[in-house]
Amino acid sequence: MKKKYQRLPDSELDIMLALWQGNSKMSRSEIENIINEKKVLAPTTILSLLSRLEKKKFVEITKQGKMNLYSPLISKIEYQHNESESVLEKLYGNSLKNFVASLYQGKTINPEEIKELNDYIQELSDQEG
């Protein structure tokens, strides 16, 4: 049975995105440097968010001397998969067609995008057969 993860608030997801793009173990200041490229968060706020993520079992904290190092316990792919399934199930009744249709509602789909989708569907069909 697949493990279900709770959906993270944007502020906690920002921390996870920083961890996923960084080294396997990062200090608070390394995380802060990545976060501050997009928005400025106080060091205490980052520490609070990291603490929440540890309680939710998204992050592991290890001591290295006087410094704490943070590493993700859940991969980006695992989280994306969980979120995708949740959105597909809750908002689109597990209909991939309805999901894709809503993404392109009112927009023109160029031939390259159609080919890319067709290629992906063919790839999935080949895996099934």
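Trainee: Let me start with one residue. How exposed is Tyr 92?

Mentor: Keep in mind that this is a predicted model. Tyr 92 has 22% relative accessibility, so it counts as partly exposed. The cut-off for buried is under 20%.

Trainee: How many aromatic pairs does the structure hold?

Mentor: Three aromatic pairs. In one of them, the ring centres of Trp 20 and Tyr 79 lie 6.0 Å apart, with the planes at 40 degrees, so that pair is tilted.

Trainee: Which parts of the chain does that pair link?

Mentor: Distant ones. Trp 20 belongs to helix 1 and Tyr 79 to helix 4, which spans residues 76-92. They are 59 residues apart. Both Trp 20 and Tyr 79 are buried.

Trainee: And how are the rings of Tyr 92 and Phe 99 arranged?

Mentor: Their centres are 5.2 Å apart and their planes stand at 75 degrees, so this pair is edge-to-face. The edge-to-face class needs planes over 60 degrees apart.

Trainee: Which residues form an aromatic cluster?

Mentor: Trp 20, Phe 58 and Tyr 79 form one.

Trainee: Switching to helices. At what angle do helix 4 and helix 5 cross?

Mentor: Roughly 90 degrees, and their axes come within 9 Å. Helix 4 and helix 5 are therefore roughly perpendicular to each other.

Trainee: Which residues make that contact?

Mentor: Helix 4 brings Val 87, Leu 88 and Tyr 92. Helix 5 brings Leu 96, Asn 98, Phe 99 and Ser 102. The contact of helix 4 with helix 5 divides into five nonpolar, two polar and no charged residues.

Trainee: What sits in the loop between helix 4 and helix 5?

Mentor: Asn 94 is found there, and helix 5 then covers 96-103. Asn 94 has a positive phi of about 65 degrees, although it is not a glycine. Its relative accessible area is 51%, so Asn 94 is exposed.

Trainee: Now the inside. Which residues touch the most other members of the largest nonpolar core?

Mentor: That core has 21 residues. Ile 15, Met 16, Leu 19, Ile 31, Leu 50, Phe 58 and Val 59 touch the most other members. The elements giving two or more residues to this core are helix 1 (10-21), helix 2 (28-35) and helix 3 (43-55).

Trainee: Which helix gives the most to this core?

Mentor: Helix 1, with five residues.

Trainee: How do helix 1 and helix 3 pack?

Mentor: At an angle of about 85 degrees, with their axes 10 Å apart. Helix 1 and helix 3 are therefore roughly perpendicular to each other. From helix 1, the contact uses Ser 11, Glu 12, Ile 15, Met 16 and Leu 19. From helix 3, it uses Ile 46, Leu 49, Leu 50, Arg 52 and Leu 53. The residues of this contact divide into seven nonpolar, one polar and two charged.

Trainee: How far is Thr 45 from Ser 11?

Mentor: Thr 45 and Ser 11 are 9.6 Å apart in space, C-alpha to C-alpha, and 34 residues apart in sequence. Thr 45 is found in helix 3. Its relative accessible area is 34%, so Thr 45 is partly exposed.

Notes. Residues are numbered from 1 along each chain as its sequence is written. This is a predicted model: local features need pLDDT of at least 70, side-chain atom pairs count only at pLDDT 80 or more; totals for chains, interfaces and linings use all residues. Side-chain values use heavy atoms; hydrogens and water are left out. A nonpolar core is a set of buried Ala, Val, Leu, Ile, Met, Phe, Trp, Tyr and Cys residues joined through side-chain atoms within 4.5 Å. Buried means under 20% relative accessible area, exposed over 50%, partly exposed in between (1.4 Å probe, protein chains only). Helices (H or I, at least four residues) and strands (E, at least two) are DSSP runs, numbered from the N terminus. Rings of Phe, Tyr and Trp (its six-membered ring) pair if their centres lie within 6.5 Å; planes under 30 degrees apart count as stacked, over 60 as edge-to-face and the rest as tilted. Axes are lines fitted to C-alpha atoms, for helices over the stretch in contact, and angles run from 0 to 180 degrees between N-to-C directions. Angles under 35 degrees count as roughly parallel, over 145 as roughly antiparallel, 65 to 115 as roughly perpendicular and the rest as oblique. Contact means heavy atoms within 4.5 Å. Ala, Val, Leu, Ile, Met, Phe, Trp, Tyr, Cys and Pro count as nonpolar, Asp, Glu, Lys and Arg as charged, and the others, Gly among them, as polar.
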